[in-house]
Amino acid sequence: HSVYLTENNQIVAALDLMDEIKPGATAMISGLKLQGITPVLLSGDGEKRCREVAEMIGIDNVYFNHLPHEKIQRVDALKKEGTLLMVGDGINDAPSLASADIGISFSSATKIAINTARVVILNQEDLRIILTAIHIGKQTLSTIRQNLFWAFAYNLVAIPVAAVGLL
């Protein structure tokens, strides 16, 4: 974003503003790629800025100039390719966070983004925490599957034994 100061229709100063890349962003993107997860940048910002950020942190798939309803359409299209996890923190991200399979936001985000996200991360200092959240989710799902298997196996054996009066 650029801000200009003029005097008598003459530019006397120009200031280029740039959003700061959060710590751990590049490492998080690399970690996602190592897990076979394809990172995508989906933004309402202009093409130039989006491509700069994507290049800095290692994202190949970039969608820019998207209004909130266009973001939802893009999210829905990406969901057809597989499970979609979306990370967002703004008002414009809220509808897409709700539409994604898993929406992640941060405690410093807008209230509507927090309310629509399924996961809210309290420590937003380092984005590598997202990798930890994904790992915890996978481990939880694995534990649930194991418990269901053992409960089914136990019932498969115990019910017939109990039916004949041996248990």
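A residue is called buried when its relative accessible area is under 20%, exposed when that area is over 50%, and partly exposed when it falls in between. Keep that in mind for the close-ups below, which come from a predicted model.

**View A. Glu 52 and Arg 49 join up in a salt bridge.** Their side chains come to 3.6 Å, N to O. Both residues sit in helix H2, 3 residues apart, which is about one turn of the helix. How covered are they? Glu 52 has 31% relative accessibility, so this residue lands in the partly exposed class. Arg 49, at 17%, is under the 20% cut-off and therefore counts as buried. Lys 48 belongs here too: Lys 48, Arg 49 and Glu 52 are tied together in a network of salt bridges. Arg 49 also reaches beyond its own stretch of sequence, touching Met 18, Asp 19 and Ile 21 (residues up to four places away in sequence don't count here).

View C. Arg 128 is partly exposed, with a relative accessible area of 44%, and Asp 126 is partly exposed with 22%. The salt bridge count for this model comes to 6.

**View D. Strands E1 and E2 form a hairpin.** The two strands run antiparallel and pair over 6 bridges. One place to look is Tyr 4, whose bridge partner in E2 is Ala 14. Between the strands there are 2 residues, and Asn 8 in this turn has a positive phi of about 55°. Asn 9 lies in the loop between E1 (2–7) and E2 (10–16), and its phi is positive too, near 60°. That's worth a second look, because most residues other than glycine have a negative phi. Is Asn 9 buried or exposed? With a relative accessible area of 78%, Asn 9 is exposed. Strand E1 is hardly covered either: of its 6 residues, the count of buried ones is 0.

**View E. Asn 65 has a positive phi, near 55°.** You'll find this residue in the loop between strand E4 (61–63) and helix H3 (68–79). Asn 65 is partly exposed, at 47% relative accessible area.

**View F. Three parallel strands make an open sheet.** The strand order is E5-E6-E7. Strands E5 (85–87) and E7 (119–121) are at the edges with a single partner strand each, so one side of each has no neighbour in the sheet. On average, neighbouring strands here are turned by 20° against each other, ignoring direction. E5 pairs with E6 (residues 102–106) over 3 bridges, and Met 86 has Gly 103 in E6 as its bridge partner.

View G. Val 157 is exposed, at 55% relative accessible area.

How values were computed: Residues are numbered from 1 along each chain as its sequence is written. This is a predicted model: local features need pLDDT of at least 70, side-chain atom pairs count only at pLDDT 80 or more; totals for chains, interfaces and linings use all residues. Side-chain values use heavy atoms; hydrogens and water are left out. Two strands pair if DSSP finds at least two bridges between them. Helices (H or I, at least four residues) and strands (E, at least two) are DSSP runs, numbered from the N terminus. Axes are lines fitted to C-alpha atoms, for helices over the stretch in contact, and angles run from 0 to 180 degrees between N-to-C directions. Buried means under 20% relative accessible area, exposed over 50%, partly exposed in between (1.4 Å probe, protein chains only). Contact means heavy atoms within 4.5 Å. A salt bridge is a side-chain nitrogen of Lys or Arg within 4 Å of a carboxyl oxygen of Asp or Glu.
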